[in-house]
Amino acid sequence: MSLGSISVSSALEPMVFSRQNRLVIKASVTLRELVVRDCQAVHAFAGRPEACRYQAWGPNTEEQTRAFVRSASDDRLRSPRTRFAYAVCLDDDLIGIGELKVRSRVHRQGEISYLVHPRVWGRGVGTAIGGELLSRGFGQLGLHRIYATCDPRNLGSSRVLGKLGMTHEGRHRHTALIRDGWRDSEVFSILDEEWASGPASGDREIRDRASGSRPGTGTGRAAQGHPECDV
């Protein structure tokens, strides 16, 4: 899947920096395996036009959301497992999804993405999800490089990826045909040794972008009808 908010609110603060300057997730934001009974909660945001503004899928019908959740749940049984889809909960309320995909086991390459309910945009949830996905990709799966993509207009997601310490590698042209035409994709990545040394301080600004982005709409490559998005 491919799944951003910009800032952390003082009321919520779902992420902080440890003494080693490493992202850690507070107990209020948790990730667990996505299961079939999550369909209704996922559809609450996957069916909203603003949530999929920069994606080739959506807004989802209920059946499309059910198909996505069933597929994600079934992939848990595959061996070797290459797709890890998580429900993101805030105080036991499902408010987003995060996904980590192993793109190459031989070359230890992975991709992260997330999608967040618009009602919690701007509260740091996307950054918290991204940090946890990177931690699992490097710490549990032993990946060497993890990347994410986002629409050039989605400045919120670009800032999230910068906060995670990811490097802007460049722009891939016309990667998806969405509702308002061909979409380019900005590509960001981080290596295991870079993650081990801690994320860079502050945002990595991407210049010369078009204005008008909406924070919280996420990142990544999306399959038609699936609530997958850019980080």
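Tutor: Let us start with Asp92, which lies in the loop between β4 and β5, and keep in mind throughout that the model is predicted.

Student: Is Asp92 buried or exposed?
Tutor: The cut-off for an exposed residue is a relative accessible area over 50%. Asp92 has a relative accessible area of 78%. Because that value passes the cut-off, Asp92 counts as exposed.

Student: Where is Asp91 found, and what is its phi?
Tutor: Asp91 is found in the loop between β4 and β5, and at 58% relative accessibility it counts as exposed. Asp91 too is a residue other than glycine with a positive phi, and the value is near 50°.

Student: Which residue makes a side-chain polar contact with Glu99, and how well covered is Glu99?
Tutor: Glu99 has its place in strand β5, which spans residues 93-104. Its relative accessible area is 0%, so Glu99 is buried. The side chain of Glu99 makes a polar contact, at 2.7 Å, with the side chain of Arg83.

Student: In which loop does Arg78 have its place, and which residue does its side chain contact?
Tutor: The place of Arg78 is in the loop between α2 and β4, and at 56% relative accessibility Arg78 counts as exposed. A polar contact of 2.6 Å joins the side chain of Arg78 to that of Asp75.

Student: What is omega for the peptide bond from Ser79 to Pro80?
Tutor: Pro80 lies in the loop between α2 and β4. The peptide bond that leads from Ser79 into Pro80 is cis, with omega near 0°.

Student: Which residue is joined to Pro59 by a cis peptide bond?
Tutor: Pro59 has its place in the loop between α1 (39-46) and α2 (62-74). The bond in question has an omega of about -5°, and the residue that it joins to Pro59 is Gly58.

Student: How far apart in space are Pro118 and Ala51?
Tutor: Pro118 lies in the loop between β6 (109-116) and α3, and it is buried, with a relative accessible area of 15%. When residues up to four places away in sequence are not counted, Pro118 touches Phe45, Arg48, Glu50 and Ala51. Although Pro118 and Ala51 are 67 residues apart in sequence, their distance in space, C-alpha to C-alpha, is 6.6 Å.

Student: What span does helix α3 reach?
Tutor: Helix α3 covers residues 125-139 and has 15 residues. At 1.5 Å a residue the expected span is 21 Å, and the helix is close to this expectation. From its first C-alpha to its last, α3 reaches 21 Å.

Student: How many of the residues of α3 are buried?
Tutor: Among the buried residues of α3 are Val125, Ile129, Leu133, Arg136 and Phe138. The helix is mostly covered, and of its 15 residues the number buried is twelve.

Student: Over the face of which residue does Arg136 lie?
Tutor: Arg136 is one of the buried residues of α3. At 4.5 Å from the ring centre, Arg136 lies over the face of Tyr86.

Student: With which residues does the side chain of Ser185 make polar contacts?
Tutor: Ser185 lies in strand β9 (residues 181-191) and is buried, with a relative accessible area of 5%. Leaving aside neighbours within four places in sequence, Ser185 is in contact with residues including Thr149, Cys150, Pro152 and His172. The side chain of Ser185 makes a polar contact of 2.8 Å with the side chain of Arg183, and a polar contact of 2.6 Å joins it to the side chain of Thr175.

Student: How many helices and strands are there in the chain, and what percentage of its residues is buried?
Tutor: The chain has five helices and nine strands, and along the sequence they follow the pattern β-β-β-α-α-β-β-β-α-β-α-β-β-α. Its accessible surface comes to about 10100 Å², of which 47% belongs to carbon and sulfur atoms. Of the 231 residues in the chain, the buried ones make up 55%.

Notes
Residues are numbered from 1 along each chain as its sequence is written. This is a predicted model: local features need pLDDT of at least 70, side-chain atom pairs count only at pLDDT 80 or more; totals for chains, interfaces and linings use all residues. Side-chain values use heavy atoms; hydrogens and water are left out. Helices (H or I, at least four residues) and strands (E, at least two) are DSSP runs, numbered from the N terminus. The expected span of a helix is 1.5 Å times one less than its number of residues. Buried means under 20% relative accessible area, exposed over 50%, partly exposed in between (1.4 Å probe, protein chains only). A polar contact is a pair of N or O atoms within 3.5 Å; within protein, one must be able to donate a hydrogen and the other to accept it, and residues adjacent in sequence count only if both atoms are side-chain atoms. Contact means heavy atoms within 4.5 Å. Accessible areas come from the Shrake-Rupley method with a 1.4 Å probe; for residues, only the protein chains shown count as cover. A charge sits over a ring if NZ of Lys or CZ of Arg is within 6 Å of the ring centre and within 35 degrees of the ring normal.
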